[in-house]
Amino acid sequence: MAKYIVKRFILMIVTVFIIATLTFFLMNLIPGSPFNEERTTNAVVQQNLEEHFHLNEPLVVQYVLYLKSIVTLDFGPSIKQPTETVNSLLGRGFPISAELGIWTVLLALVSGVILGVFAALKHNGVIDYVAMTIAVLGISIPNFVLATLLIQELAVNWSIFPAATWSSPMHMVLPILALATGPMAIIARLTRSSMLETLTQDYIKTARAKGLSPVKIIVKHALKNALMPVVTILGTLLAGILTGTFVIEKIFAIPGMGKYFVEGINQRDYPVIMGTTVFYSAFLVFMLFLVDIAYGLLDPRIKLHNEGGK
């Protein structure tokens, strides 16, 4: 298991390095300069600005400085907001984005598993049909469309929840619902199919023959194995949730990382774009790394597979 973790960690570092390199060179392929739209015709001023941000250096030098900023975790100042550093922007935006992501994952996971379990236990019943109908709708409707509908109905028409910003628990409800519905639907469908298969296994029949209570059979024996496929796709769902926060943050005017990322793109603020991309990618890859470890701990076959591959 230790070798498995080391291999995954090395792969994580390599992945972040590749993403950082691609981000740098793609940014430099974009024609123009961050100062093209500056209201000045003074070439000296523009030259001084480019020198200050090392944009006049050869591409190789810029790349080395960029890698140094990643290693030292100092992404430098923002071009369009000289009084702000990229680190300070990330320090303000990330806690909000992380809070949105954590609550979304918890809601999607808990509600999806509960919905899937009840659908499996009431197979071909009313609860099953209702649960799967909700799941199909959740998968079919994009989160930005659902966000618009939630704002229109629950914020504008009914005035139950505020429509935007992130200043109280009430402000958190609509964006979390919009972001969690899709993953919840996927988890519900996967849990249902996995639970249906698990309930037909011999060890479940043996547990019933021993007279164990239905609750104990479901919670102690069936649920753990039924959740293995959910853990398998948790990394993919996590990636979708975290990247989807950019759109949801923009719709609900949430001052998270998505706000600075979108503004950085619109303003061609290279340090903000590259710093945000690398930070977000590193965080996402690290979370996938944790999911891989969790899956390896839950499924002994992962250990056996790696031992057989020595």
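**Stop 1: an aromatic pair**

Select Phe289, which is buried at a relative accessible area of 9% (buried means under 20%, exposed over 50%, partly exposed in between, with a 1.4 Å probe and protein chains only). This is a predicted model, in which local features need pLDDT of at least 70 and side-chain atom pairs count only at pLDDT 80 or more, while totals for chains, interfaces and linings use all residues. Residues are numbered from 1 along each chain as its sequence is written, and side-chain values use heavy atoms, leaving out hydrogens and water.

Phe94 is in helix 4 and Phe283 in helix 12, so the pair links parts of the chain 189 residues apart (helices are DSSP runs of H or I with at least four residues, numbered from the N terminus). Phe94 is partly exposed at 21% relative accessibility, and Phe283 is partly exposed at 24%.

**Stop 2**

Phe9 belongs to helix 1 and Phe289 to helix 12, so parts 280 residues apart in sequence are tied together. Phe9 is partly exposed, with a relative accessible area of 43%. Now select Phe24, Phe25, Tyr63 and Tyr66, which ring pairs link into a cluster.

**Stop 3**

Which residues lie closest to the centre of the largest pocket? The volume of this pocket is about 500 Å³. Of its 20 lining residues, Phe53, His54, Leu65, Phe75 and Pro271 are the closest to the centre. Helix 1 (2-29), helix 3 (59-71) and helix 12 (270-298) each give two or more residues to the lining. A pocket here is an open set of points on a 1 Å grid over the protein atoms alone, where a 1.4 Å probe fits, with protein on both sides within 12 Å along at least five of seven lines; lining residues have an atom within 4 Å of a point.

Next, colour Val16, Ile70, Leu73, Val278 and Ala282, which lie nearest the centre of the second largest pocket, among 17 lining residues. About 420 Å³ of space lies in this pocket.

**Stop 4: Ser97**

Select Ser97 in helix 4. Ser97 counts as buried, at 2% relative accessibility. Its side chain reaches the backbone nitrogen of Met257 at 2.8 Å. Leaving aside residues up to four places away in sequence, Ser97 touches Glu249, Gly256, Met257 and Gly258 (contact means heavy atoms within 4.5 Å).

**Stop 5: two loop residues**

Most residues other than glycine have a negative phi. Go to Thr165, where phi is positive, near 70°. Thr165 sits in the loop between helix 6 (143-157) and helix 7 (169-198), and is partly exposed at 36% relative accessibility.

Finish at Ala253, where phi is also positive, near 55°. The loop that holds Ala253 runs between helix 10 (228-251) and helix 11 (257-267). Ala253 is partly exposed, at 44% relative accessibility.

Terms used: Grid points are joined across faces, edges and corners, and a volume is the space filled by probe spheres set on the points. A polar contact is a pair of N or O atoms within 3.5 Å; within protein, one must be able to donate a hydrogen and the other to accept it, and residues adjacent in sequence count only if both atoms are side-chain atoms. Rings of Phe, Tyr and Trp (its six-membered ring) pair if their centres lie within 6.5 Å; planes under 30 degrees apart count as stacked, over 60 as edge-to-face and the rest as tilted.
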